[in-house]
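Here is a short report on a protein model. Please look over the sequence and the fold before reading on.

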Amino acid sequence: MSRDAPFIHRNLPRLLLEAREAVMLHTRPSLRQHGLSDPQWRVWRGLGQPAQLPGGVETGRVAREAFLLGPSLTGVLTRMERDGLIARSRCPQDARRTVVRATPAGLKLVQDLSSTIEAHYAWMEQRLGKARLAELYALLDEVIALEQPFNEEADGLEEDAA
């Protein structure tokens, strides 16, 4: 491609970010009302059901699920722990690792927020239609899976460089 040649395709990463921001415009006020930041909500969504298990969730998994780098995750978890939403402890099988568990206060917060979040998804489903929303989810899953081999190759390159 020459330096002067225009791009043929639309900027997909930018469109995905714009779509994310559009969705978050509905979610963000509820998060702020409950004292949560976007990264804290991503941690909650990443913790999911395993956060209720006695063993908790290993922080590496939380980082991957929330798309947060280690130092950022540490700050987010520190604030969440300070606010009584999560508890951290050493992994019983490997003391070098840390696990995160939801506290009763954290689970209540998620429960309080879930109705607002689900209402927004119901609104989207009503506006787009159930089939089109399912198609959007499927298409996004397909794009993620399509790019997965590239991600695995990049991970392998990073490991080789270490």
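Which element gives the largest share of the nonpolar patch? Helix H6 does, with 4 residues. This is a predicted model, where local features need pLDDT of at least 70, side-chain atom pairs count only at pLDDT 80 or more, and totals for chains, interfaces and linings use all residues. Residues are numbered from 1 along each chain as its sequence is written, and side-chain values use heavy atoms, leaving out hydrogens and water.

**Surface patch**

Leu 12, Leu 16, Leu 128, Leu 136, Leu 139, Leu 140 and Val 143 make a nonpolar surface patch of about 530 Å². H1 and helix H6 (130–161) each give two or more residues to the patch. Helices here are DSSP runs of H or I, at least four residues, and strands are runs of E, at least two, numbered from the N terminus. Patch members have over 30% relative accessible area and no salt bridge; nonpolar side chains (Val, Leu, Ile, Met, Phe, Trp, Tyr) are joined within 5 Å, like charges within 9 Å. Areas come from the Shrake-Rupley method with a 1.4 Å probe, and for residues only the protein chains shown count as cover. Leu 140 lies in helix H6. Leu 140 is partly exposed at 34% relative accessible area (buried is under 20%, exposed over 50%, partly exposed in between).

**Core**

The largest nonpolar core has 23 residues; Leu 36, Val 43, Trp 44 and Leu 47 touch the most other members. Elements giving two or more residues to this core include helix H2 (38–47), helix H4 (70–82) and strand E3 (98–102). A core joins buried Ala, Val, Leu, Ile, Met, Phe, Trp, Tyr and Cys residues through side-chain atoms within 4.5 Å. Leaving aside neighbours within four places in sequence, Val 43 is in contact (heavy atoms within 4.5 Å) with residues including Val 62, Leu 73 and Met 80.

**Sheet**

Three strands form an open sheet in the order E1-E3-E2, with antiparallel pairing. Strand E1 (57–58) and strand E2 (86–90) are at the edges with a single partner strand each, so one side of each lacks a neighbour in the sheet. Pairing needs at least two DSSP bridges. E1 and E3 are joined by 2 bridges. Glu 58 stands opposite Val 99 in E3.

**Salt bridges**

The whole structure holds 9 salt bridges (a Lys or Arg side-chain nitrogen within 4 Å of an Asp or Glu carboxyl oxygen). Some pairs follow.

| Pair | N to O distance |
|---|---|
| Glu 81 and Arg 88 | 2.9 Å |
| Asp 83 and Arg 82 | 3.0 Å |
| Lys 108 and Asp 112 | 3.0 Å |

Lys 108 and Asp 112 are 4 residues apart in helix H5, about one helical turn. Arg 82 is exposed at 60% relative accessibility.

Methods: Buried < 20%, exposed > 50% of the residue type's maximum accessible area, 1.4 Å probe, protein only.
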